[in-house]
Amino acid sequence: MLRQVVTIIAVLGGLICAHSTATETRPSRQEGAMRIPRGTFEALYSTTNGKNIAVQPFAIDPLPVSNAEFFAFTQRFPEWRKEKAPQIFVDSTYLALWAISPLEDKANNIATASPIQAILDTPVVYVSWFAAQAFCEAQNGRLPTTEEWEYVAAADERKTNAMKEQAFNQQILLWYAEPASPLGPGKIAQQRPNIYGIRDLHGLIWEWTSDFNASFATADNREQGALSGQAFCGAAAINSTDKSNYAAFMRYAMRSSLKAAYGLSLLGFRCAYDTNTTEKHP
Amino acid sequence: MKTAHVWRHVHTIPLLLVLLLLASSISTFGTAHAEDSPLSLFRANIPFKDDAGKIFDMRSLAGRPFVLAMAYTNCTYSCPLIMRDMKTIAKELSTAAVPADILVISFDSARDTPQSMAKFRASYGLQTDARWHFLVTDETHVRTLALVLDVRYQRNAETGIIAHDNKIFLVDPRGVIVSTLSALGEDRTAFSAAAKALKAQ
């Protein structure tokens with residue numbers, strides 16, 4: 001029975017991706033992305049001395065990438081399978097929730113780890129930045145920048161900037177305080193979308209951004225290890241524009257502690273797209 | 001949900017398999033060669049251009065060691081110091097008869113071009129030194145390389161100045177980093193010893 005289930009999962013995984021590239025009935029991931037209009041944004045850390053930064057129009061996935069979607073990707077690009085991805089791009093935790101299935105065929109050497117059915121609709125976690133970036137590139141996309149991510153994550157159901165709303169921040173902080181489940185994150189799309197139609201930015205997982213490690217403060221570095229040491233604790237914290245925004249502060253702190261090959265139990269991703277190649281409106 | 005949708009297409013499986021095979025040949029990082037170490041920089045498969053505008057494949061260096069640093073030509077603070085250290089290292093390596101190439105890779109995908117890199121090369125009097133390679137690539141691959149190397153950088157949106165780590169890497173003939181200088185003017189004893197050990201291999 002389990003064998004059958006896993007076989008079906010494997011076949012489905014392969015087909016979902018092939019399906020989206022080979023037919024027009026199902027929109028591609030990029031076509032399903034939400035367009036975000038140009039705007040300005042008071043980033044917690046900015047290189048513009050506290051002035052608002054302009055965010056150019058872009059598009060972003062309404063949902064994080066699921067285990068089913070990431071499995072389809074690893075079928076298409078075998079170098080990103082759990083067994084194959086090289087150490088330079090992933091650490092030993094890569095896809096830790098996936099297991100070698102009874103699909104394993106020793107004679108043909110096609111053993112491959114896959115997500116069990118219960119986690120197909122949950123966000124993929126234990127993925128490195130490199131794996132996430134490769135997934136997005138395969139969809140003609142990229143990872144969102146930290147500024148793009150924070151810009152859409154500042155919105156609630158009614159406002160594009162809810163960062164000053166106490167209830168909004170409180171809810172995010174409550175989630176940050178919750179212990180992580182050993183079973184991994186819960187299902188995708190259980191929360192209401194924000195005003196842009198985007199879900200699960202808070203309360204489910206943390207997400208990779210393209211420039212996750214770029215929140216240091218000083219120009220030019222001549223001191224030994226200066227950037228690694230002061231990236232967050234010293235000068236950068238003084239540059240923080242909004243000290244009441246503790247939730248954003250937590251996210252910058254978390255990101256600055258990452259290395260690109262890391263995998264973590266609650267760290268997943270979604271993709272963004274340049275809008276000169278995405279002409280559809282949501 | 002998706003199931004019925006997908007099963008309607010079962011009859012197209014052979015065609016899909018062909019498409020899958022085609023798709024997998026254009027993967028982001030390419031398919032690594034069988035002999036590559038899991039830690040080899042060659043796996044990153046970055047599309048560089050050199051300062052003559054020609055495509056440069058890092059894999060063409062396989063079989064001999066090289067020294068690598070990231071810099072950019074509009075950089076007036078630490079980059080001249082990186083270049084000073086790189087030139088000293090290059091000189092030491094040739095004195096010790098270590099056959100190493102020297103790679104200078106730009107952080108600045110927005111402004112650096114093969115032309116600006118050629119000027120940069122000339123400003124250090126290296127026009128005729130074929131061991132030196134001055135390389136550019138696009139923003140995504142600058143980011144990828146910097147993350148592989150664990151070199152942090154950030155562009156100031158207003159001034160265009162790029163804050164960055166100053167690291168110099170010694171890479172063995174398989175593309176694996178064997179020694180790193182993490183700061184300018186750092187003691188080079190271990191770095192030099194590692195370089196000489198590569199010659200003995």
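Visitor: Which way do the side chains of S3(B) point?
Guide: This is a predicted model, so take what follows as computed from it. B:Phe66, B:Leu68 and B:Met70 point one way from S3(B), while B:Val67, B:Ala69 and B:Ala71 point the other way.

Visitor: And are those buried or exposed?
Guide: All are buried. Strand S3 of chain B spans residues 66–71, and six of its six residues are buried, which leaves the strand mostly covered.

Visitor: What does S3(B) pair with on the parallel side?
Guide: That's strand S4 of chain B, residues 101–106; the two run parallel and are joined by six bridges. Within S4(B), B:Ile102 is the bridge partner of B:Val67.

Visitor: How does the chain get from S3(B) to S4(B)?
Guide: Through helix H3 of chain B, residues 79–95. The β-α-β crossover there is right-handed.

Visitor: OK, and which strand runs antiparallel to S3(B)?
Guide: Strand S8 of chain B, residues 168–171, with four bridges joining it to S3(B). B:Leu68 stands opposite B:Phe169 in S8(B), and B:Ala69 stands opposite B:Ile168.

Visitor: Which way do the S8(B) residues face?
Guide: B:Ile168 and B:Leu170 point one way, B:Phe169 and B:Val171 the other way, and all are buried.

Visitor: Zoom out for me. What's the strand order of the open sheet in chain B?
Guide: S5-S4-S3-S8-S9, five strands with mixed pairing. The edge strands are S5 (132–135) and S9 (177–181) of chain B, and each pairs on one side only.

Visitor: How many degrees does the twist average?
Guide: It averages 20 degrees from one strand to the next.

Visitor: Which strands does H3(B) touch?
Guide: H3(B) packs on the sheet and touches S3, S4, S5, S8 and S9 of chain B. The direction of H3(B) makes about 175 degrees with that of S3(B).

Visitor: And where does H5(B) lie?
Guide: Across S3, S4, S8 and S9 of chain B, running at about 120 degrees to S3(B).

Visitor: Switching to the other chain: which helix of chain A packs with H5(B)?
Guide: Helix H3 of chain A, residues 129–138. H3(A) passes H5(B) in a left-handed crossing.

Visitor: Which residues meet there?
Guide: From H3(A) you have A:Trp129, A:Phe130, A:Gln133 and A:Glu137. They meet B:Thr140, B:Arg143, B:Thr144, B:Leu147 and B:Val148 in H5(B).

Visitor: What about the three-strand sheet in chain A, what's its order?
Guide: S1-S4-S9, an open sheet with antiparallel pairing. S1 (34–36) and S9 (272–274) of chain A are the edge strands, each pairing on one side only. Neighbouring strands of this sheet are turned by 30 degrees against each other on average, direction ignored.

Visitor: How many bridges between S1(A) and S4(A)?
Guide: Three, in the antiparallel sense, with S4(A) being residues 58–60. A:Arg35 stands opposite A:Ala59 in that pairing.

Visitor: Which helix packs on that sheet?
Guide: Helix H4 of chain A, residues 146–153, which touches S1, S4 and S9 of chain A. The direction of H4(A) makes about 70 degrees with that of S4(A).

Visitor: Last one: where does A:Leu183 sit?
Guide: In the loop between helix H5 (166–177) and strand S7 (206–207) of chain A.

Visitor: Why is A:Leu183 called exposed?
Guide: Because the relative accessible area of A:Leu183 is 68%, and exposed means over 50%.

Visitor: What does A:Leu183 touch?
Guide: A:Leu97 and A:Ile119, not counting residues up to four places away in sequence. The C-alpha atoms of A:Leu183 and A:Ala118 are separated by 9.8 Å, with the two residues 65 apart along the chain.

Notes: Residues numbered from 1 in each chain as written. Chains lettered and ligands numbered in written order. Predicted model: local features only at pLDDT ≥ 70, side-chain atom pairs only at ≥ 80, totals over all residues. Heavy atoms only, no water. Buried < 20%, exposed > 50% of the residue type's maximum accessible area, 1.4 Å probe, protein only. Pairing = 2+ DSSP bridges. Right-handed = clockwise from strand over helix to strand, strands pointing away. Axes fitted to C-alpha atoms, helices over the stretch in contact; angles between N-to-C directions. Left-handed = near helix turned anticlockwise from the far one by under 90°. Contact = heavy atoms within 4.5 Å.
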